[in-house]
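Okay, thanks for coming, everyone.

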Amino acid sequence: MQDAEKLAKQQKLWNLMDQDMRIDLDSLTRAFAHHLEYNVCKYRESIKGGDIYQALAFTVRDFLIDRFNETQREIREQKARRVYYLSMEFLMGKLLETNLVNLGVKAIVEQSLAQIGYDLQEIVKYEPDAGLGNGGLGRLAACFLDSVSAMNLPVSGASIRYEFGIFNQNIINGHQKESPDNWLTHGNPWEIRRDDIMYPVHFYGQAEQFVDARGHVRHRWIPGETIMAQAYDLLVPGYDTRMVNNLRLWASRASDEFNFEYFNHGDYIRAVEDKQRSESISKVLYPNENIQQGKELRLKQEYLLVSATVQDALATFIAEEGENFDRLSERVFMQLNDTHPALAVSELMRLLVDRYSINWEAAWELTTRVFAYTNHTVLPEALEKWDLGMFENLLPRHIQIIYEINSRFLNEMRERGANPDELQRLSIIEEGAPRRVRMANLAFVGSSAVNGVAALHTEIIKNNTFAHFHKFFPERIQNKTNGITHRRWIVSSNPELSALISEAIGIEWIKDLAKLRDLDALAHDSAFQEKWRQIKRLNKEKLGHILQFECGINPDPDSLFDIQVKRIHEYKRQHLNILRVIADYQAMKANPDREYTPRTVIFAGKAAPGYLRAKNIIKLIHSVADIINHDPEVSDRLKVAFLPNYRVSLAERIFPAAELSEQISTAGMEASGTGNMKFMLNGALTVGTLDGANIEIKEEVGDENIYIFGKTVEELDLIRAGYDPLRICNQTPPIKQVMDALYGNYFNLNEPGLFHELHQTLLFGGDYYFLMADFMDYVAIQEQIGTDYRNKADWTAKSIYNTARSGKFSSDRTIGQYAAEIWHTRPIHLSPPRISAHHKA
């Protein structure tokens, strides 16, 4: 009777919890005022702009929690297959504005803030970028989270709660200097700390055999160190749906908050050091791997992510299904975003075999049905390999499991006719000095599907990177061309253009980006073109203010905004771009009356702290900019700028202003790229090589609306053996003039010799990225672009066509393919959002 009475009382609480939160002006304003007073703890006279942001974030988070709890309940009741998207990076950026757009309450919030004297666009500036990623890999993962929620798919992200994100880039005398990105200085109102979700994560120690009570030989790991993984959730709403998924971030914590054994014996320092060492694992994104401690810390981070996530997935599965592991692959799936989380394969095997006593064959069958792997690179140095000695010391039980996986796999390959050379390439263990663990091979062997991220990239991994695997598993490799979330990259970041599009073709394109194709009919409409140009000019003026503040230049908004923004790397060839600018400058100086379409050439991007040549390219850009921008003969026609500290929020200002998108990587080296898609969506024309997703952009937009140059993959293969960059330079006067200026310190009189190493690499070091081979073709296509830009009507039509034909590159399309062809999961049925139409943003 007492239990029944208690249950009846609890039911009252549950009924109250299940009531839907109202999202209207009055309810939102009341909730906001409550959070401002009781969560931010402010009284009237002490309120600042940052307090308004914090209170607003807490208010919006309440609505997210309401829908997240509903989502979790429906996933459980509908027995859906949960997908876990494991990635070491999630470059989320700022969350407030996109959350408001997806919830459909941006207009209500703007009205609510206006009533109390605040402007949403000013409040948004107080939010820091969540810099939990380095570049495209992390931004792609963030776009995918937006899409899975928009499509009602039960997908959770999994990553690490780095206390310090991607470094802040400071430019001092043209040199990149790094400083910590302490994005959590003022806390994070979006995150939910889950004190009830913690898992032990082990390191070091030894693995041993023993005989259990039933006489079976078993294995166990006796760790030398144990930390705890603490869960934090960021909630991600879908557009025009009640679906809210989560990004679960793991922070390392000491297994004992304080070791009193040390303290009681007077060793206070050691007690504190143990705690600090445990918590340092999730301290910083991408430790310096140039030293042994950095490599070990990086491997610890990867294992922290996979161990916590796999334990969490199994705990959720057991709570819903019991230990009925026959149903594991029906309820659980894990997508490995690149090789970094590949340890999840051996971790799931360890738990199934060692903890749950499942025999090896059955455990392996379950494991290979649970995983899929996305490859993001064809560069050999980017395919992770770990020194076997370090790996065995840190994860002694995992190396045993990997040896066993490898032995069984190679035996199977021998039986299928693999020769010794093929076996060596297929092996998870790379022989040599030192022996190493190949994480890409482990991910491939343990996965039911492997995918590339653009059509060309997928063909390269079939025929090159994983050619020996593809021979034996011809159905395993698939293509899933990357995409972007247009809710952030045009709806939120380019509201004026979004409004114009909606006025012209309706709002359905926000739900289905393919409907942008309806803009084709307006490409040559003069009135529509004029509105289009006005919006582009407005966005250029906005970016011009940033350039004036950050770089000290005042660009002409009528000049061609020619932009290359991405991680600084030789294969992305920012140095080809700046060398072309030098060639333009030299031609203008030699012939001042030469017709030249005014340009503002803009760069942005960070170089890895240990990548000295990439940092030297940044210095070269600044040195060239300093000369050109102060030369009165050319500065009215050509300006060069490098925007420091590239990040998501800065990108949201850059893409709407761009007119020319530089996608000039060496053919065959860029897996996909997503910046090219963001530029295209906002009406920029692409100049690029036939590389990555450029090929598919060309197919969508048409040859007449894109500028393609340079050697193809096949052409580079033909010239590679006899390639002589010095001969090309000496036989081509414009190239030689540029390279002589580089060597002769023309742009660096105060720092002679600064660019000699770059000069030597290009002319005497093999020019691995084929700048000399593509240089004159690049100069020629840029001259054509300058001519075409002067015809405003034709250029505007090309711009409209680019936006109109960008529908394929929605991450909704990509995610739909993952869900149908790899994850085999279905949308969750939820009631529609209950917000009045006139309240929607």
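**Side chains up close**

Let's start with a polar contact: the side chain of Thr597 meets the side chain of Arg790 at 2.5 Å. By polar contact I mean a pair of N or O atoms within 3.5 Å; within protein, one must be able to donate a hydrogen and the other to accept it, and residues adjacent in sequence count only if both atoms are side-chain atoms.

Quick housekeeping before I go on. This is a predicted model, so local features need pLDDT of at least 70 and side-chain atom pairs count only at pLDDT 80 or more, while totals for chains, interfaces and linings use all residues. Residues are numbered from 1 along each chain as its sequence is written, and side-chain values use heavy atoms, with hydrogens and water left out.

Back to Thr597. A polar atom of the Thr597 side chain also lies 2.6 Å from the backbone oxygen of Gly786. Where does Thr597 sit? Thr597 is in the loop between helix H23 (574–590) and strand S20 (599–604); helices here are DSSP runs (H or I, at least four residues), strands are too (E, at least two), and both are numbered from the N terminus. Thr597 counts as buried, at 6% relative accessibility. For the record, buried is under 20% relative accessible area, exposed is over 50%, and partly exposed is in between (1.4 Å probe, protein chains only). If you leave aside neighbours within four places in sequence, Thr597 is in contact with Arg637, Gly786, Thr787, Tyr789 and Arg790, where contact means heavy atoms within 4.5 Å. Thr597 and Tyr789 are 192 residues apart in sequence, yet 7.7 Å apart in space, C-alpha to C-alpha.

Now the aromatics. How many aromatic pairs does the structure hold? It holds 27. The rule is that rings of Phe, Tyr and Trp (its six-membered ring) pair if their centres lie within 6.5 Å; planes under 30 degrees apart are stacked, over 60 edge-to-face, and the rest tilted. Take Tyr85 and Phe90: the ring centres are 6.3 Å apart and the planes are at 75°, so that pair is edge-to-face. Tyr85 is buried at 2% relative accessibility, and Phe90 is buried at 0%. Then there's Tyr789 again, with Trp795: centres 5.1 Å apart, planes at 85°, so this pair is edge-to-face. Tyr789 is buried, with a relative accessible area of 3%, and Trp795 is buried at 5%. There's also a cluster, made up of Tyr373, Phe409, Phe444, Phe466, Phe469 and Phe473.

Next, Ser156, which lies in strand S4 (residues 155–160). Ser156 counts as buried at 15% relative accessibility.

Another one to click on is Asn682, in the loop between helix H26 (675–681) and strand S23 (685–688). Is Asn682 buried or exposed? Buried, at 0% relative accessibility. A polar atom of its side chain lies 2.9 Å from the backbone oxygen of Trp489.

Last topic: salt bridges. A search of the whole structure finds 65 of them, each being a side-chain nitrogen of Lys or Arg within 4 Å of a carboxyl oxygen of Asp or Glu. In one of them, Asp66 partners Arg242, with the closest N and O atoms 3.9 Å apart. Asp66 is in helix H3 (residues 49–77) and Arg242 is in the loop between strand S10 (225–237) and strand S11 (244–254), so the pair ties together parts 176 residues apart in sequence. Asp66 is buried at 14%, and Arg242 is buried at 2%.

Glu178 and Lys615 form another salt bridge, 2.9 Å from N to O. That pair links distant parts of the chain, with Glu178 in strand S6 (residues 175–179) and Lys615 in helix H24 (residues 612–629), 437 residues apart. Glu178 is partly exposed at 32%, whereas Lys615 is buried at 17%.

For a local example, Lys462 bridges to Glu459 at 3.8 Å between the closest N and O atoms. These two are three residues apart in helix H18 (residues 455–465), which means about one helical turn separates them.
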